[in-house]
Amino acid sequence: MLLELAGIEKQVGPDTWLYPLDLALRESAVTVLLGSTRAGKTSLMRIMAGLDAPTAGRVSVDGQDVTGVPVRRRNIAMVYQQFINYPSMTVADNIASPLKLRGQSDVRARVLDIARTLHIEEFLGRLPAELSGGQQQRVALARALAKDAPLMLLDEPLVNLDYKLREDLREELGTMFSQGRSTVVYATTEPGEALLLGGYTAVLDRGELLQYGPTIDVFRQPNSMRVARAFSDPPMNFLQARADGAALHVPGMATPLLPDGSAVPAGAVTVGLRAADLSLRDQGGDCRISGQVQLAEISGSATYVHAQTPVGDLVAQVPGVSHHSLGEAITLHFSSRRAYVFGADESLLRAPRTEVHHGAH
């Protein structure tokens, strides 16, 4: 399905929920809507589905205007954070319902296959009320996958699941989406989820579409500081600097930064450093900053070390579990070749030539 949005706006009373935007989704591919809460992701998906009408603009499917066509007359599958299952039907019958509607012959085998992918095969004989919230969410997701609709809309479908299961399912869903025929729209607040799913990413912030393109390109080349903030977890570190020829001078740092590439225009700039590019060990970088630990938080398979430094508060991502005491003296190392440079208008002036890290964390 080719879904195109032209000049879409959404206003509710005096509030603007979506500013004018154009978006043409890639057929049979995943488009991730990435942004924080209230970025406009759900509003946009509801317009795509036909649940809401835009205040202005047009929605087209395969070249046909469907702006006013209600959701019941569209062949789509949806899963929202507030999942819905048929309470009087078993898990197996919930998943099988769209297969039976279209008269598929190998219903039992297909149900079992999808249930195994989502780790719910042991619950097939139970009713939804007998399951936990996370298990019920997976049943709703399984039914959407079984429908095999040309357009699938998934609004943070893994948000109610525990960390380990979420990690497993992200990879499996990414594989399923790449092998399927559906055009998939997947909303998330998590940059890591966007990178794992691949495909294309549309970055939204406070109702504005900031950037759209292949996911890895948007990650490597965020066109502004707003995109860089949205597509970094933890957020990108920003340092005020002054460009002078090929060098960038950061107040509080004795050594100037010498990023790759041509000189940026002289004047005030902002240097961006991803947390994953800061290390507590010297790994051949040309820059170092002394600091004191303010906080060390363990998140999944990494530790985020928050440090107070002469150039401001910085966050470094350290692989594995790393223990640090409050006030502990540390030295942060990094390569100025990993630095992003943004102009006075916050637009991207220079990005690192190659992206070593394939995670947003």
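Which residue is the bridge partner of V12 in β2? The partner is D15, and this pair belongs to a sheet described below.

This is a predicted model, in which local features need pLDDT of at least 70 and side-chain atom pairs count only at pLDDT 80 or more, while totals for chains, interfaces and linings use all residues. Residues are numbered from 1 along each chain as its sequence is written, and side-chain values use heavy atoms, with hydrogens and water left out.

**The sheet**

Helices (H or I, at least four residues) and strands (E, at least two) are DSSP runs, numbered from the N terminus. Two strands pair if DSSP finds at least two bridges between them. An open sheet is formed by 4 strands in the order β2-β1-β4-β5, with antiparallel pairing. Its edge strands, β2 and β5, each pair on one side only. In general, strands of a sheet pair through backbone hydrogen bonds, either parallel or antiparallel.

| Strand pair | Bridges | Direction |
|---|---|---|
| β1 and β2 | 6 bridges | antiparallel |
| β1 and β4 | 5 bridges | antiparallel |

Strand β1 covers residues 3-12. In the hairpin of β1 and β2, 2 residues lie between the strands, and G13 takes a positive phi near 60 degrees. On the β4 side, E4 stands opposite S60.

**The helices**

Helix α1 (residues 41-49) lies across β1, β2 and β4, and runs at about 60 degrees to β2. Axes are lines fitted to C-alpha atoms, for helices over the stretch in contact, and angles run from 0 to 180 degrees between N-to-C directions.

Helix α2 (residues 91-101) contains S97. S97 counts as buried because its relative accessibility is 17%; buried means under 20% relative accessible area, exposed over 50% and partly exposed in between, with a 1.4 Å probe and protein chains only. Leaving aside neighbours within four places in sequence, S97 is in contact with Y86, M89 and R143, where contact means heavy atoms within 4.5 Å.

Helices α4 (residues 133-147) and α5 (residues 163-179) pack at an angle of about 5 degrees, with their axes 13 Å apart. The two helices are therefore roughly parallel to each other; angles under 35 degrees count as roughly parallel, over 145 as roughly antiparallel, 65 to 115 as roughly perpendicular and the rest as oblique. Here R138, L141 and L145 in α4 meet L165, L169, L173, M176 and F177 in α5.
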